[in-house]
Amino acid sequence: MTENNKTTSTTTGPGPHTTTGPGPGTTTGPGPGTTPGPGPGTTPGPGPGTTPGPGPGTVTGPGAGSPATSRRALLLAAGSAGAAAVLNAACAGPSRRTQAVSGQPSASPPPTPALPGTGTTTAPACVLAVQAGAGPYYLDLDLVRSDITQDRSGVPLRLDLTVVRVPDGCRPLAAAGVEVWHADAAGHYSTGKDTFLRGTQITDHTGQCVFHTIVPGWYAGLAPHIHFKVRPDPHTETTSQFFFPENLLTRIYTHQPYARRTPPEHPNQHDSRYRTAAKTMTLPLTPHKNGYRAAYTIGIT
């Protein structure tokens, strides 16, 4: 099995976000010739007002735990309304185009949009995802579900994904279809009538969705990876793939069911795609229950 993917750009993962509260407030006493106001007349405003994004386990994408739904139907029905919701509810920071710099994707939870009357929220820093080909195992299925594990065993992996528009000040993108697919622990993809480790979610009003899956195995001498495709509307798409830290893979592959095969000594280093895009597209994994969790912001144009 082989895949011929072409990387078209290099960028970095998203950075942290900050919510700025109102500055110091000043109350002055009456003018000359009247009874002076109390004290120096200064009433401090509220503090920095940092508002953290949602913690692990608090965000679920539409369709989680529900029967499979038509992706195309959801996109067509929600596209116009979702675009309007983004403009009204997304971060209100100044629009800017992010430049490429070195760094890793942020493991921090995605931002919470500002609510009317609660102050100004600065949009998070973000960059474009590195684009790559879909590979030979892509199947265009209408399979909307959050848990894509099906009957496959492996180390559990929770993917918390946020889709943002980079040229629009990194604003979260609602009602976008996010599709993922990858190999099982033995390096096999579902084909034909099989549907394991494949699925689609539709982003909510904060641009977020969640997938429950497993850490993929290796095959064909390529770096282990998860393919994904983002469709902001029924007519456009962005395709790329996530990679994994090599030291983490070597530990995971010593356990079953991965250990049924002898793992490569260096799962990533022989893949030119990994060498090109690793700084941007490697998932920042943290322990979660009996597996791992990764929070990642996907920047599209």
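Gln201 belongs to strand 6 (residues 198-202), where strands (E, at least two residues) and helices (H or I, at least four) are DSSP runs numbered from the N terminus. A polar atom of the Gln201 side chain lies 3.5 Å from the backbone oxygen of Arg145.

## The sheet around strand 6

Four strands form an open, antiparallel sheet in the order 6-5-8-9, two strands being paired if DSSP finds at least two bridges between them. Strand 6 and strand 9 (236-242) stand at the edges with a single partner strand each, so one side of each has no neighbour in the sheet. From one strand to the next, the twist averages 20°.

Strand 6 runs antiparallel to strand 5 (residues 177-181), and five bridges join the two; Val180 stands opposite Gly199 of strand 6.

## Confidence and conventions

The chain averages a pLDDT (the predictor's confidence in each residue, from 0 to 100) of 71, and 57% of the residues score at least 70. Among the elements of the chain, the mean pLDDT is lowest in helix 1 (residues 71-89), at 36, and highest in strand 7 (residues 208-214), at 98. Where pLDDT is low, the predicted coordinates should not be read in detail.

Residues are numbered from 1 along each chain as its sequence is written, and side-chain values use heavy atoms, with hydrogens and water left out. Local features need a pLDDT of at least 70 and side-chain atom pairs count only at pLDDT 80 or more, whereas totals for chains, interfaces and linings use all residues.

Methods:
Polar contact = N/O pair within 3.5 Å; in protein donor to acceptor, adjacent residues only side chain to side chain. Axes fitted to C-alpha atoms, helices over the stretch in contact; angles between N-to-C directions.
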